[in-house]
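Visitor: Here is a model to walk through. Please tie each label to the cut-off behind it.

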Amino acid sequence: CSVEKMNVLLPLLVVGSACLTASSSSCPYPPGRWCSSMESAVQCGVLKQCLESDLFRSRRAADPVQVSLYYESLCPGCRYFLTMELFPTWLLLHDYMSVTLVPFGNAQEKPDGQKFTFECQHGEQECLGNMMETCLLNMTDMAFPIIYCMESSADVTGSLESCIKLKAPELSTDKVMSCVKGDLGNQLMHQNALKTKALNPPHNYVPWVTINGVHTEDLQTKAMNSLFTLVCDMYKQDPKPPECGGPSQRHHRSYCHTQ
Ligand SMILES: *[C@@H]1O[C@H](CO)[C@@H](O)[C@H](O)[C@H]1NC(C)=O
């Protein structure tokens, strides 16, 4: 295994160190997908690692901490929080938290016949980015890794296709774009507008975070400073999960030995 292929930011760290290069021709999935089915796990030679991670997952004792992010695609603070706090925390703690993304933020909507028109704080490109991300969230369970990829690239909307190829190659960019341009995207964005308008207290900036449906300035500040610490603190399990510094039980190493 070459070291540069071992991306530390894998959705499943447990399979991150599996040696795949030798048999990669029979594995058509990106690492984030290896454990998504028995078939992909076998094809990619990581069945053992996937089973161990499932075993581990079933030890979850408490309810997951629900983290919701109300944001807009081109707001610098939103991009920073999503890429530097939310996604890395989710990679480490996805067994103990759920993430809900609501792209809309400070946008405005106006009814226009049966549909709605949207105006975004950072212009047309932001509305396009919000719509792409909204459609992804409706169309694939790899939406969060794809959105992370887009938000961490220099050109958020321009990277849609390459991020899909990287994270979910079986997803058709054309299908996503027909959602973006069509009635489905319009309806889904209207739902996001309603969810954003329903916030209590109402948001007066973005990124706006709720934890288990609650927003306070204290929770917001803690989430901005270290979401990882906040989720570990709020996850009611004793002892704490090993990822949070509890007793370590994980046998997740799958080394590639010298021959
Ligand atoms: C996608 O959107 C449609 C239409 O609103 C909805 O019925 C469906 O449940 C959504 N699917 C997901 C996975 O969110």
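**Labels and their grounds**

Guide: This is a predicted model. Start with two helices: Asn130, Met131, Thr134, Cys135 and Asn138 in H4 meet Gly185, Leu188, Met189 and Asn192 in H8. By class, that contact of H4 with H8 holds four nonpolar, five polar and no charged residues.

Visitor: How do you know how H4 and H8 are oriented to each other?

Guide: The axes of H4 (residues 124-139) and H8 (residues 183-197) cross at roughly 95° and come within 9 Å. Angles of 65 to 115 degrees count as roughly perpendicular. Therefore H4 is roughly perpendicular to H8.

Visitor: Why is strand S1 called largely enclosed by the rest of the structure?

Guide: Strand S1 spans residues 65-71, and six of its seven residues are buried, so the rest of the structure largely encloses S1. A residue is buried if 20 or more other C-beta atoms lie within 10 Å of its own.

Visitor: What makes S1 and S2 a pair?

Guide: Pairing needs at least two bridges. Seven bridges join S1 to S2 (residues 97-103), and the two strands run parallel. Tyr70, for one, has Val102 in S2 as its bridge partner. The chain gets from S1 to S2 through helix H3 (residues 76-93), in a right-handed β-α-β crossover.

Visitor: How do you know that S1 also pairs with S5?

Guide: The cut-off is again at least two bridges. Four bridges join S1 to S5 (residues 208-211), so the pair qualifies. S1 and S5 run antiparallel. Leu69 has Val209 in S5 as its bridge partner.

Technical notes
Residues are numbered from 1 along each chain as its sequence is written. This is a predicted model: local features need pLDDT of at least 70, side-chain atom pairs count only at pLDDT 80 or more; totals for chains, interfaces and linings use all residues. Axes are lines fitted to C-alpha atoms, for helices over the stretch in contact, and angles run from 0 to 180 degrees between N-to-C directions. Angles under 35 degrees count as roughly parallel, over 145 as roughly antiparallel, 65 to 115 as roughly perpendicular and the rest as oblique. Two residues are in contact if their C-beta atoms, placed from the backbone, lie within 7 Å. Ala, Val, Leu, Ile, Met, Phe, Trp, Tyr, Cys and Pro count as nonpolar, Asp, Glu, Lys and Arg as charged, and the others, Gly among them, as polar. A residue is buried if 20 or more other C-beta atoms lie within 10 Å of its own, exposed if 12 or fewer, and partly exposed in between; C-beta atoms are placed from the backbone. A crossover is right-handed if, with the strands pointing away from the viewer, the path from the first strand over the helix to the second runs clockwise.
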